[in-house]
Amino acid sequence: MRSGPQLSMSQAQVLIKTISKANIDDALRDIDESKSSGLDRFSSHFFVANWDIIKEDVYTAILHFFNDGAMYSPINITSITLVLKITNASKPKHFRPTPCCFVLYKIIAKILMVRLQTVVAHLVDPAQSGFIPGRQSCENILLATDLIRGYNWANASPRCMLKVDMAKAYDSVE
């Protein structure tokens, strides 16, 4: 039997609820258009500006990912095209490789993030401060600093401090 917090049935249902076209539309709108584009040079602005033309293909690709658990093969097998970085290019470094799938990956990540945000605060212990809205990862660092400051006091009780390699600890987490 597992110990620790577990999702209620209603929380689990939120995570596995069918993805709709409205979810995809919302995720695309939530991606900041002013952010720099990926290697493909297509920002979310390109997708928004051409939405009437490309939306059915985007819906197909993203719904395929969520329904079948794999990226839609025409997107997953993206051919790489070389685009000139400068005029009169003569060396490989003068070209940029360009697949056209980064915004699709961002949309998928945004949909997953929105769903997980509803339950992550319930699952993560209050002592853990990273990745939870309203908590700062630096809080634990500040707490540790305050504790360490008092270690060299002459009249303090005996103490012990452990340094844990979190990378190894995370490797063993189920």
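## Gln11 in helix α1

Gln11 is buried, with a relative accessible area of 19%; buried here means under 20%, exposed means over 50% and partly exposed is in between, using a 1.4 Å probe and protein chains only. Gln11 belongs to helix α1, which covers residues 9–16. Helices are DSSP runs of H or I with at least four residues, strands are runs of E with at least two, and both are numbered from the N terminus. Leaving aside residues up to four places away in sequence, Gln11 touches Gln6, Val119 and His122, where a contact means heavy atoms within 4.5 Å.

## What the model is

A quick word on the ground rules: this is a predicted model, in which local features need pLDDT of at least 70 and side-chain atom pairs count only at pLDDT 80 or more, while totals for chains, interfaces and linings use all residues. Residues are numbered from 1 along each chain as its sequence is written, and side-chain values use heavy atoms, with hydrogens and water left out.

## The chain as a whole

The protein chain has nine helices and two strands. Along the sequence they follow the pattern α-α-α-α-α-β-β-α-α-α-α. Of the 174 residues in the protein chain, 20% count as buried. If you look at contacts between residues at least 6 apart in sequence, 53% of them join residues at least 24 apart.

The accessible surface of the protein chain is about 13100 Å², and 59% of that belongs to carbon and sulfur atoms. These areas come from the Shrake-Rupley method with a 1.4 Å probe, and for residues only the protein chains shown count as cover.

Which residues of α2 are buried? They are Ile24, Asp25, Ala27 and Leu28. These residues cover an arc of only 165 degrees around the axis, so they sit on the same side of α2; the arc is that of the directions from the helix axis to the C-beta atoms. The packing partners of the buried residues of α2 are α3 (44–49), α4 and α6 (102–117).

How many salt bridges does the count come to? The count is two, with a salt bridge taken as a side-chain nitrogen of Lys or Arg within 4 Å of a carboxyl oxygen of Asp or Glu. In one of them, the side chains of Lys21 and Glu56 meet at 3.6 Å, N to O. Lys21 lies in helix α2 and Glu56 in helix α4 (residues 51–68), so this pair ties together parts that are 35 residues apart in sequence. Lys21 is partly exposed at 40% relative accessible area, and Glu56 is also partly exposed, at 42%.

The side chains of Arg29 and Asp26 form a salt bridge at 2.5 Å, N to O. Arg29 and Asp26 are three residues apart in helix α2, and therefore about one helical turn separates them. Is Arg29 buried or exposed? Arg29 counts as exposed because its relative accessibility is 58%, whereas Asp26 is partly exposed at 37%. Helix α2 itself runs over residues 21–30.

## Aromatic pairs

A search of the whole structure finds two aromatic pairs. Rings of Phe, Tyr and Trp (its six-membered ring) pair if their centres lie within 6.5 Å, and planes under 30 degrees apart count as stacked, over 60 as edge-to-face and the rest as tilted. Trp51 and Tyr59 form an edge-to-face pair, 5.5 Å centre to centre and with 85 degrees between the planes. Both Trp51 and Tyr59 are buried.

Phe65 and Phe66 also form an edge-to-face pair, at 5.2 Å centre to centre and 85 degrees between the planes. Phe65 counts as partly exposed at 24% relative accessibility, and Phe66 is partly exposed with 24% too.

## A nonpolar surface patch

Leu143, Leu147, Ile148, Tyr151 and Met161 form a nonpolar patch on the surface, with about 470 Å² of accessible area together. Patches are made of residues with over 30% relative accessible area and no salt bridge; like charges are joined within 9 Å, and nonpolar side chains (Val, Leu, Ile, Met, Phe, Trp, Tyr) within 5 Å. Where does Tyr151 lie? Tyr151 is in the loop between α8 (138–149) and α9 (166–171), and this residue is partly exposed with a relative accessible area of 34%.
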